[in-house]
Amino acid sequence: MRIAVVTGASSGMGRDFAKAIDSRHDLDEIWLIARRKDRLDGLGKELSASSRSIPLDLTEKESIEHLRALLLQEKPEIEVLVNAAGFGVFGAFADNQAEQSDIVTLNSKALVDVTYECLKYMRKGSSIINLGSNSSWQPVPYMAVYGASKAFVLSFSRALGAELRPRGIRVLCVCPGWIRTEFFER
(Lines give C-alpha, C1' and ligand atoms only; values in the text may rest on other atoms or scores of the structure.)
Protein backbone atom coordinates (compact mmCIF):
# COMPACT_ATOMS: atom_id res chain seq x y z
CA MET A 1 0.00 0.00 0.00
CA ARG A 2 1.50 3.34 -1.10
CA ILE A 3 0.60 6.20 1.21
CA ALA A 4 1.33 9.74 2.31
CA VAL A 5 1.31 10.73 5.98
CA VAL A 6 0.36 14.32 6.82
CA THR A 7 0.44 15.67 10.37
CA GLY A 8 -1.40 18.86 11.24
CA ALA A 9 -3.88 17.95 8.50
CA SER A 10 -6.96 19.44 10.15
CA SER A 11 -6.15 23.00 9.08
CA GLY A 12 -3.63 25.42 7.64
CA MET A 13 -0.54 24.24 5.85
CA GLY A 14 -1.12 20.56 6.69
CA ARG A 15 -4.55 20.67 5.08
CA ASP A 16 -3.13 22.42 2.00
CA PHE A 17 -0.29 19.93 1.70
CA ALA A 18 -2.75 17.02 1.87
CA LYS A 19 -4.71 18.52 -1.02
CA ALA A 20 -1.55 19.18 -3.03
CA ILE A 21 -0.28 15.64 -2.50
CA ASP A 22 -3.68 14.28 -3.52
CA SER A 23 -3.54 16.19 -6.81
CA ARG A 24 0.06 15.23 -7.64
CA HIS A 25 0.52 11.66 -6.43
CA ASP A 26 -1.19 8.39 -7.26
CA LEU A 27 -1.55 6.90 -3.79
CA ASP A 28 -3.61 4.15 -2.25
CA GLU A 29 -4.28 6.21 0.86
CA ILE A 30 -3.46 9.49 2.56
CA TRP A 31 -3.17 9.25 6.33
CA LEU A 32 -4.44 12.46 7.91
CA ILE A 33 -3.19 13.08 11.44
CA ALA A 34 -4.38 15.80 13.84
CA ARG A 35 -6.45 16.12 16.99
CA ARG A 36 -9.79 17.07 15.38
CA LYS A 37 -11.33 13.97 13.78
CA ASP A 38 -14.31 15.85 12.35
CA ARG A 39 -11.95 18.13 10.42
CA LEU A 40 -9.93 15.16 9.17
CA ASP A 41 -13.10 13.40 8.02
CA GLY A 42 -14.22 16.56 6.22
CA LEU A 43 -10.90 16.87 4.43
CA GLY A 44 -11.00 13.20 3.48
CA LYS A 45 -14.28 13.80 1.62
CA GLU A 46 -12.54 16.47 -0.49
CA LEU A 47 -9.71 14.19 -1.60
CA SER A 48 -9.79 11.90 -4.62
CA ALA A 49 -7.51 9.33 -2.95
CA SER A 50 -8.80 7.23 -0.10
CA SER A 51 -7.92 8.72 3.24
CA ARG A 52 -7.63 7.54 6.79
CA SER A 53 -8.45 9.93 9.62
CA ILE A 54 -6.11 9.29 12.52
CA PRO A 55 -7.03 11.57 15.43
CA LEU A 56 -3.90 11.88 17.56
CA ASP A 57 -2.43 14.49 19.88
CA LEU A 58 1.23 14.23 18.96
CA THR A 59 2.29 15.85 22.23
CA GLU A 60 1.25 12.62 23.96
CA LYS A 61 3.60 9.64 24.02
CA GLU A 62 0.65 7.28 23.55
CA SER A 63 -0.12 8.89 20.20
CA ILE A 64 3.36 8.17 18.88
CA GLU A 65 3.01 4.59 20.14
CA HIS A 66 -0.35 4.31 18.36
CA LEU A 67 1.22 5.51 15.11
CA ARG A 68 4.11 3.06 15.53
CA ALA A 69 1.67 0.16 16.05
CA LEU A 70 -0.47 1.19 13.07
CA LEU A 71 2.58 1.38 10.80
CA LEU A 72 3.78 -2.01 12.02
CA GLN A 73 0.35 -3.54 11.40
CA GLU A 74 -0.14 -2.04 7.91
CA LYS A 75 3.51 -2.02 6.72
CA PRO A 76 2.82 0.68 4.12
CA GLU A 77 5.23 2.18 1.64
CA ILE A 78 5.38 5.84 2.60
CA GLU A 79 5.92 7.98 -0.47
CA VAL A 80 5.54 11.36 1.27
CA LEU A 81 5.69 12.44 4.91
CA VAL A 82 4.60 15.97 5.75
CA ASN A 83 5.31 17.18 9.29
CA ALA A 84 3.01 20.21 9.49
CA ALA A 85 1.72 19.89 13.06
CA GLY A 86 2.79 22.87 15.14
CA PHE A 87 1.80 26.05 16.91
CA GLY A 88 3.24 29.19 18.42
CA VAL A 89 2.44 31.73 21.12
CA PHE A 90 2.85 35.48 20.92
CA GLY A 91 4.12 37.11 24.11
CA ALA A 92 6.96 37.24 26.57
CA PHE A 93 8.52 33.89 27.44
CA ALA A 94 8.16 34.50 31.18
CA ASP A 95 4.39 34.90 30.84
CA ASN A 96 3.62 31.61 29.04
CA GLN A 97 5.87 28.84 30.39
CA ALA A 98 3.37 25.97 30.13
CA GLU A 99 2.50 26.69 26.52
CA GLN A 100 6.17 27.21 25.68
CA SER A 101 6.96 23.64 26.70
CA ASP A 102 4.11 22.36 24.53
CA ILE A 103 5.60 24.24 21.55
CA VAL A 104 8.87 22.36 21.95
CA THR A 105 7.03 19.05 22.36
CA LEU A 106 4.88 19.45 19.24
CA ASN A 107 7.08 21.48 16.90
CA SER A 108 10.33 19.64 17.57
CA LYS A 109 10.00 16.40 19.55
CA ALA A 110 6.87 15.08 17.82
CA LEU A 111 8.35 15.92 14.42
CA VAL A 112 11.44 13.86 15.28
CA ASP A 113 9.37 10.97 16.64
CA VAL A 114 6.98 10.85 13.67
CA THR A 115 9.88 11.05 11.23
CA TYR A 116 11.71 8.23 13.01
CA GLU A 117 8.67 5.95 12.92
CA CYS A 118 7.82 6.72 9.28
CA LEU A 119 11.38 6.49 7.98
CA LYS A 120 11.30 2.71 8.50
CA TYR A 121 8.69 2.55 5.72
CA MET A 122 10.31 4.90 3.22
CA ARG A 123 12.37 3.93 0.19
CA LYS A 124 14.34 5.51 -2.63
CA GLY A 125 12.20 8.27 -4.14
CA SER A 126 10.30 9.03 -0.92
CA SER A 127 10.15 12.58 0.43
CA ILE A 128 9.98 14.21 3.83
CA ILE A 129 8.59 17.76 4.00
CA ASN A 130 9.05 19.54 7.32
CA LEU A 131 7.32 22.81 8.11
CA GLY A 132 9.83 25.33 9.34
CA SER A 133 9.16 29.04 9.32
CA ASN A 134 10.68 32.32 8.31
CA SER A 135 11.34 32.43 12.07
CA SER A 136 13.89 29.63 11.55
CA TRP A 137 16.56 32.08 10.46
CA GLN A 138 16.99 34.37 13.50
CA PRO A 139 15.91 34.82 17.12
CA VAL A 140 12.35 36.13 17.41
CA PRO A 141 11.64 38.14 20.57
CA TYR A 142 8.13 37.53 21.95
CA MET A 143 8.04 34.29 19.97
CA ALA A 144 11.35 33.02 21.33
CA VAL A 145 10.47 29.36 21.78
CA TYR A 146 8.51 29.15 18.53
CA GLY A 147 11.43 30.62 16.57
CA ALA A 148 13.89 28.32 18.32
CA SER A 149 11.69 25.28 17.63
CA LYS A 150 11.58 26.17 13.95
CA ALA A 151 15.36 26.75 13.88
CA PHE A 152 15.62 23.20 15.21
CA VAL A 153 13.35 21.95 12.40
CA LEU A 154 15.52 23.66 9.78
CA SER A 155 18.79 22.36 11.23
CA PHE A 156 17.39 18.85 11.70
CA SER A 157 16.05 18.83 8.13
CA ARG A 158 19.37 19.88 6.65
CA ALA A 159 21.29 17.23 8.57
CA LEU A 160 18.72 14.52 7.89
CA GLY A 161 18.75 15.39 4.20
CA ALA A 162 22.50 14.81 4.06
CA GLU A 163 22.16 11.49 5.89
CA LEU A 164 19.33 10.23 3.67
CA ARG A 165 20.72 11.42 0.33
CA PRO A 166 22.60 8.11 -0.25
CA ARG A 167 19.30 6.26 0.27
CA GLY A 168 17.55 8.43 -2.33
CA ILE A 169 15.13 9.96 0.21
CA ARG A 170 14.68 13.72 -0.17
CA VAL A 171 14.17 16.08 2.75
CA LEU A 172 12.76 19.58 2.34
CA CYS A 173 12.20 22.20 5.02
CA VAL A 174 9.61 24.76 3.94
CA CYS A 175 10.13 28.11 5.68
CA PRO A 176 7.14 30.34 4.83
CA GLY A 177 6.52 33.83 6.12
CA TRP A 178 3.15 34.95 7.48
CA ILE A 179 0.29 33.00 5.94
CA ARG A 180 -3.33 33.39 6.96
CA THR A 181 -4.17 30.20 8.83
CA GLU A 182 -5.70 29.28 12.18
CA PHE A 183 -2.20 29.75 13.64
CA PHE A 184 -3.11 33.33 14.53
CA GLU A 185 -6.38 32.35 16.18
CA ARG A 186 -4.67 29.88 18.50
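A: Helix H1 has 13 residues, which at 1.5 Å a residue should span 18 Å; its end C-alpha atoms are 19 Å apart, so the two values agree. The expected span is 1.5 Å times one less than the number of residues. Helices (H or I, at least four residues) and strands (E, at least two) are DSSP runs, numbered from the N terminus. The model is predicted: local features need pLDDT of at least 70, side-chain atom pairs count only at pLDDT 80 or more, and totals for chains, interfaces and linings use all residues. Residues are numbered from 1 along each chain as its sequence is written, and side-chain values use heavy atoms, with hydrogens and water left out.

The buried residues of H1 are Gly 14, Arg 15, Phe 17, Ala 18, Ile 21 and Asp 22. Here buried means under 20% relative accessible area, exposed over 50%, and partly exposed in between (1.4 Å probe, protein chains only). Viewed down the axis of H1, these buried residues fall within an arc of 160°, and therefore they line one face of the helix. The arc is that of the directions from the helix axis to the C-beta atoms. On the face of H1 turned away from the buried side are the exposed residues Ser 23 and Arg 24.

The buried residues of H1 pack against E1, E2, helix H2 (37–46), E4, E5 and strand E6 (170–174). Contact means heavy atoms within 4.5 Å.

Arg 15 lies in H1, which covers residues 12–24. Arg 15 counts as buried because its relative accessibility is 18%. Not counting residues up to four places away in sequence, Arg 15 touches Gly 8, Ala 9, Ser 10, Arg 39, Leu 43 and Glu 46. With Glu 46, the side chain of Arg 15 also forms a polar contact of 2.5 Å. A polar contact is a pair of N or O atoms within 3.5 Å; within protein, one must be able to donate a hydrogen and the other to accept it, and residues adjacent in sequence count only if both atoms are side-chain atoms.
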